[in-house]
Amino acid sequence: MSALPLVRALRRPESAAAFSPEQWNVLIAMARAERLIGTLALRIGDGAVPGEVRAVLADARLDAEREARQALWEADRAAAALAPLGLRVVLLKGTAYAAAGLKAGAGRFIGDLDILVPRDSMDAVEKHLIAAGWEWVKSDPYDDAYYRQWMHELPPLIHRDRDRMIDVHHTVLPLTARQTPDAEAMIADAVPVSDGLYILSSEDRVCHAVAHMLADGDLAGGLRNLWDIYCLLGEADPAALETRAERHGLLPHVRQARRLADALYGEGRTRLTLWDRIVIARLLARDGWGRETRKGLRFAFYLRSHWLRMPPLMLARHLLTKWRKGYRPA
Amino acid sequence: MKHRVTLRIGPATFRIGSAWSGPIGELRRLYADYPAPSGGLADFTVRLEPAGLLRRWLRPSIFITGDHGLADAAPMSLAHSLLAAEMGMNLQMALGWRRHLLLHASSVEKDGRVLLMSGESGSGKSTLAAQLGERGWRLMGDEFALIDLAAGAVLPFPRLVSLKNRAIDVIAADVPAARMGPLLEGTAKGDIRHMRPRADAVARMDEGAPPALLLFPRFGHASAIRPMGQGETFMRLTQASTNYVALGEAAFAALGRFVDEVPAMAMDFPSGDEAIAMVERLWEERA
Amino acid sequence: MTVDQRYCREREGNILSRTLGDIGLLYHRPSGQTHIVISPVPEILEAMEDDSPVSVGDLLQRLSRRFDLGPQETALPKIAAHLADMAALGLIRAVA
């Protein structure tokens, strides 16, 4: 059993109409596990589905609406806190899609607020957020130093009253990663969405989502990320995207993402490489009870994600420190 | 998964999968008389998995998860697998239910009206509801009360009653063995024994009724009754609800209406018998 | 926040209110948060009833007509702090 039924239902929602009760159970468990239930609910709509399923999907839509509303409120609060700095606050990922009403945002699980700000404003941003009620989550000195020195963000902050997390990024990938997307260019070309808030240009949105999925991540939650990319590709100009991806050093990744998105959510006409097929196997590693399968493959991708982000010696040091503290990949 | 069962409790249907046959067998026995789920479609998936790769055989312990789970949930002993299954279902309700306002409260019905009892674990709300359920009241639920968002009625969620420590002997004396689960000794909350509600409470699990009285019981104190202001009641119930925030505006309206219409009292009591007498007296005064 | 900061009410329809016994409840739609409000918050909201922006000083004048708030030099910073808190919750909006 793999997550193919979920991928098929997203691609052709009407195909679910003939599902048996157990097929629905499987589809719903997979969609929840991949955090795609809201997206699936909006894709399927109120079509010919059993009443029990309609109730489950209605719950998911309600949750997605609340997610979007809360995410936009967090963005509004961050904008208010940072307004005195007069800089461009660029919304990333789910909040950006919701703020701009993009297809990728429809029904999407959002979670933390991610923003991109110029690197030289990080100290001021940190001060203003703390003055407005955000607090440090981690007090572990190793993690804190690691974030500040090597990652592409401040250590996460959480708001003391609202209990919501903000991740402040100054670049797109960790400084240790091999690709070096041009964050300054991304900020310069960002487009306004509301008072003081911006989102990336349509081509940069693809580059950013791809950087996260293929150059950075261990592909956990990859089906959702790939769905974002599939939706975002529809809004980007293909020629401009190639140019932009090249500038960010992400051209092979963007091309691969295009192949993967086409294979899983599109027409499936593109020729796949061996590596594409391995990535797809990893993306589909989910069974009908919502469990992850293929432990070996997942662990390989976990190691790879760290390898991609860090020079080998530092990787060894980081994994050792994490391991001593009892961290194991799930 | 290797072993599975589908159960319906009130409005919610659970698909439960397990790596072991034990908990599924217990569930089948204790839930045997519950109305069957229609068509096999589940609202939630619950999984009872081995905690760690070798744990299925080597000192097996259960990790409880499903559609909704807690990453840091402590594994449980296989000897407590029935409790694990119940906790798995509770977890789905607490984190995932959206069709009613969910209050952490027990509820019993008489004369077509509902008495709700809210409080922390150890307040006595569960034991009291179980006792009333054996004495002429219809037990609607010992843990969760579901409030209809539009009409304000209370809906039953009559899962197995989870009796703890001293309550076990008090209740088990009056209840036939066929309705009792195994004694689970030494759980994180002490000894636990499950009890199936009476047949009519199970048969009427789709039948709601309007709320009439809300009590906040507190076991182990001298008898006292204090009317509770609406502001305090509202605040306490937002804390007693696992989905108040998730439901947003609908919950604000439903809870406001509930607090406006239903009188609330704090009730301290020294013993079960005393509590039952106090409840019956309050119920008559209300009528 | 200085006393020069001006505020206006949150947009009509973004806040639902309900009175239960002796407390006021506000449901703030954009954040999905419920606020239990006690004096002076309802009084401040009432004094901002018209939709034009007011400064802290304006508001103090309006409130002083109905309530005894003591000397201006102690009342002003208190009102300013209340307004800043209310703005952080979204119950009112700071205007530039």
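Predicted model: local features only at pLDDT ≥ 70, side-chain atom pairs only at ≥ 80, totals over all residues.

User: What makes the pair of Arg204(B) and Glu109(B) a salt bridge?

Analyst: The rule asks for a side-chain nitrogen of Lys or Arg within 4 Å of a carboxyl oxygen of Asp or Glu. Here the closest N and O atoms are 3.8 Å apart, and the pair forms a salt bridge. The pair links distant parts of the chain, 95 residues apart. Arg204(B) sits in the loop between α5 (199–203) and β14 (211–219), and Glu109(B) in strand β6 of chain B. Helices (H or I, at least four residues) and strands (E, at least two) are DSSP runs, numbered from the N terminus.

User: Is Glu109(B) buried or exposed?

Analyst: Glu109(B) is buried, because its relative accessible area is 8%.

User: Which salt bridge does Asp63(A) form?

Analyst: Asp63(A) pairs with Arg98(B), the closest N and O atoms being 2.6 Å apart. This pair crosses between chains. Asp63(A) lies in helix α4 (residues 51–82) of chain A, and Arg98(B) in the loop between α2 and β6 (100–110) of chain B. Arg98(B) has 8% relative accessibility, so Arg98(B) counts as buried.

User: How do you know that Glu14(A) and Arg12(A) meet in a salt bridge?

Analyst: The N to O distance between their side chains is 3.6 Å. Glu14(A) is exposed, because its relative accessible area is 51%. Arg12(A) has 45% relative accessibility, so Arg12(A) counts as partly exposed.

User: How many salt bridges are there over all chains?

Analyst: By this rule the count comes to 47.

User: What puts the buried residues of α1(B) on the same side?

Analyst: Helix α1 (residues 22–30) of chain B has Pro23(B), Ile24(B), Leu27(B) and Leu30(B) buried. They cover an arc of only 140 degrees around the axis, so they lie on the same side of α1(B). The arc is that of the directions from the helix axis to the C-beta atoms. An α-helix has 3.6 residues a turn, so residues three or four places apart point the same way.

User: What do the buried residues of α1(B) pack against?

Analyst: They pack against β1 (3–9), β2 (12–18), β3 (44–50), α2 (81–96) and β12 (180–187) of chain B. Contact means heavy atoms within 4.5 Å.

User: How do you know that the radius of gyration of chain C agrees with a compact globule?

Analyst: The radius is taken over C-alpha atoms, and the globule rule is 2.2 Å times the number of residues to the power 0.38. With 96 residues, a compact globule would come near 12 Å; chain C has 13 Å, so the value agrees. The C-alpha atoms fill a box of roughly 35 × 35 × 20 Å along the principal axes. Chain C has 3 helices and 6 strands, and 41% of its 96 residues count as buried.

User: What is the peptide bond from Ser39(C) to Pro40(C)?

Analyst: This bond is cis, with omega near 5 degrees. Pro40(C) is in the loop between β4 (33–37) and α1 (41–47) of chain C. Most residues other than glycine have a negative phi, and most peptide bonds are trans.

Methods: Residues numbered from 1 in each chain as written. Chains lettered and ligands numbered in written order. Heavy atoms only, no water. Buried < 20%, exposed > 50% of the residue type's maximum accessible area, 1.4 Å probe, protein only.
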